[in-house]
Amino acid sequence: MLAPEYGGDGREAGRCDDVPEPAVTFPAHWAPLGMTFPTVDALGERYRDGAFIAFHGSRFDPANQPEGPGYVVAFVPFEDGMATGEWEVFADGFAGDSTDLPAEAEHRAVDVAEGPDGALYLSDDVGGRIWRVSPESR
């Protein structure tokens, strides 16, 4: 839909009608900061083709976020070089038990990288932690 602030009425597609649909979408305000495409098949068939995305999380009240505040690392599977549109949470729990996010979040994912052995490294900019995810740790 073409939003009113861009000349639309919020109901009609208008000039947006010719714009291709996105391959994959995520909830608003999740703040993707880091992404990697695995090159080593260490985590198994399920994670062979796709992208891992580190979401820093929303700065808004989690009670107003039906999909959650987005303190996660997600996996987006690919098929024939394109995102399938389906995604899943790969790692969660960064914020801890806090309900006063983001001020009290224990950790916030910032980046995801792949080591030479195929393990994933997830970094955090609040607690200063780096996690290593390997087949043994899953």
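## A bridge between strand and loop

Arg132 is partly exposed, at 41% relative accessible area. Here buried means under 20% relative accessible area, exposed over 50%, and partly exposed in between (1.4 Å probe, protein chains only). Asp117 is also partly exposed, at 41% relative accessibility.

Arg132 and Asp117 form a salt bridge, with their closest N and O atoms 2.5 Å apart. This pair joins distant parts of the chain, 15 residues apart. Arg132 sits in strand S8 (residues 130-133). Asp117 lies in the loop between strand S6 (109-114) and strand S7 (120-124). Strands (E, at least two residues) are DSSP runs, numbered from the N terminus.

## Basis of the model

The model is predicted: local features need pLDDT of at least 70, side-chain atom pairs count only at pLDDT 80 or more, and totals for chains, interfaces and linings use all residues. Residues are numbered from 1 along each chain as its sequence is written, and side-chain values use heavy atoms, with hydrogens and water left out.

A salt bridge is a side-chain nitrogen of Lys or Arg within 4 Å of a carboxyl oxygen of Asp or Glu. By this rule there are five salt bridges.

Salt bridges link Asp41, Glu45 and Arg48 in a network. Arg48 meets Asp41 at 2.4 Å, N to O. Arg48 also pairs with Glu45, the closest N and O atoms being 3.1 Å apart.

Which of these residues are exposed or partly exposed? Glu45 is exposed, with a relative accessible area of 60%. Arg48 is partly exposed at 36%, and Asp41 is partly exposed at 40%.

Conventions. Helix = DSSP H or I, 4+ residues; strand = E, 2+ residues; numbered from the N terminus.
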